[in-house]
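Please open the model in your viewer and keep the sequence panel beside it. The tour below goes from one selection to the next and says what is to be found at each stop.

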Amino acid sequence: MTAFPQRLLEGYKAFATQRLPTEQTRYRDLSVKGQSPEVMVIGCCDSRVSPEVIFDVGPGELFVVRNIANLVPVYQPDGNAHGVSAALEYAVKVLRTKHIVVLGHAQCGGIRAFVDKIEPLTPGDFIGKWMQMFIKPGEVVEQREHETMAQFVERIEKAAVFRSLENLMTFPFVRKAVDAGQMQLHGAYFGVAEGSLFVLDQVAKEFKSVRDVA
């Protein structure tokens with residue numbers, strides 16, 4: 001039998017002796033009453049971008065689904081398995097979450113692979129097929145004139161948030177909740193190096209630093 005990762009064992013011991021005692025009551029309540037998070041976060045698998053850490057939340061406060069490049073597929077009720085769609089359905093129809101936040105980030109490996117068209121982004125693999133959801137049929141994503149590679153990548157990272165928000169509205173139960181004023185959709189972008197957070201102003205269609213948001 002292989003050894004369980006030592007870093008995780010050490011982390012749990014720290015949790016059990018330091019954080020757990022202060023939150024034991026909350027864990028017991030959650031185990032009895034169940035979860036009722038008001039916010040769902042759709043984020044990237046990237047190990048540097050943990051929603052629970054970024055937003056400094058406790059147990060039971062966020063319902064989180066993470067995937068490569070924080071993408072939401074279009075509504076597709078076919079016979080295939082859809083992990084993101086299933087999580088979304090549970091959040092909206094069972095948990096009745098009031099907010100859905102699509103959290104993009106800088107230095108996203110999935111977006112960079114998509115931009116560079118490099119391995120493992122090949123037509124036959126999982127990542128390549130997954131990232132194809134980002135573009136619509138016939139859509140061309142190219143670097144603009146006078147745009148640096150860094151600017152291009154950041155633009156596409158943010159565009160992924162816009163596209164996921166757009167795709168969310170293809171789900172009938174999401175659109176119904178939004179139209180009824182029962183739920184709101186939000187976009188956010190995390191700068192890994194600085195630890196900075198930007199939220200999407202959906203009227204201006206641009207990301208603004210939380211320092212500038214009232």
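**First stop: rings along a helix**

Select Tyr12 and Phe15, which are three residues apart in helix H1 and are therefore separated by about one helical turn. Helices here are DSSP runs of H or I with at least four residues, strands are runs of E with at least two, and both are numbered from the N terminus. Before going further, note that this is a predicted model, in which local features need pLDDT of at least 70 and side-chain atom pairs count only at pLDDT 80 or more, while totals for chains, interfaces and linings use all residues. Residues are numbered from 1 along each chain as its sequence is written, and side-chain values use heavy atoms, with hydrogens and water left out.

The structure holds nine aromatic pairs, where rings of Phe, Tyr and Trp (its six-membered ring) pair if their centres lie within 6.5 Å, and planes under 30 degrees apart count as stacked, over 60 as edge-to-face and the rest as tilted. In the pair of Tyr12 and Phe15 the ring centres are 5.9 Å apart and the planes stand at 45 degrees, so the pair is tilted. Phe15 also pairs with Tyr27, with the centres 6.0 Å apart and the planes at 85 degrees, so this pair is edge-to-face.

Now centre on Tyr27, which lies in helix H1 (residues 6–33). Leaving aside neighbours within four places in sequence, Tyr27 is in contact (heavy atoms within 4.5 Å) with Phe15, Leu20 and Pro59.

**Second stop: a ring cluster and a lysine**

Select Phe162, Tyr189, Phe198 and Phe207, which ring pairs link into a cluster.

Show helix H3 (residues 83–94) with helix H7 (residues 172–179), whose axes come within 10 Å and cross at roughly 35 degrees. The axes are lines fitted to C-alpha atoms, for helices over the stretch in contact, and angles run from 0 to 180 degrees between N-to-C directions. On the H3 side, Leu88, Glu89, Val92 and Lys93 meet Phe173, Val174 and Ala177 of H7.

Move to helix H4 (residues 109–116), where Gly110, Ile111, Ala113, Phe114 and Val115 are buried. The cover over these buried residues of H4 includes helix H5 (126–131) and helix H6 (149–168).

**Last stop: a residue in a strand**

Finish at Val101, which is placed in strand E3 (residues 99–105) and counts as buried because its relative accessibility is 13%. Neighbours within four places in sequence aside, Val101 is in contact with Val39, Met40, Val41, Ile42, His186 and Ala188.

Conventions
Buried means under 20% relative accessible area, exposed over 50%, partly exposed in between (1.4 Å probe, protein chains only).
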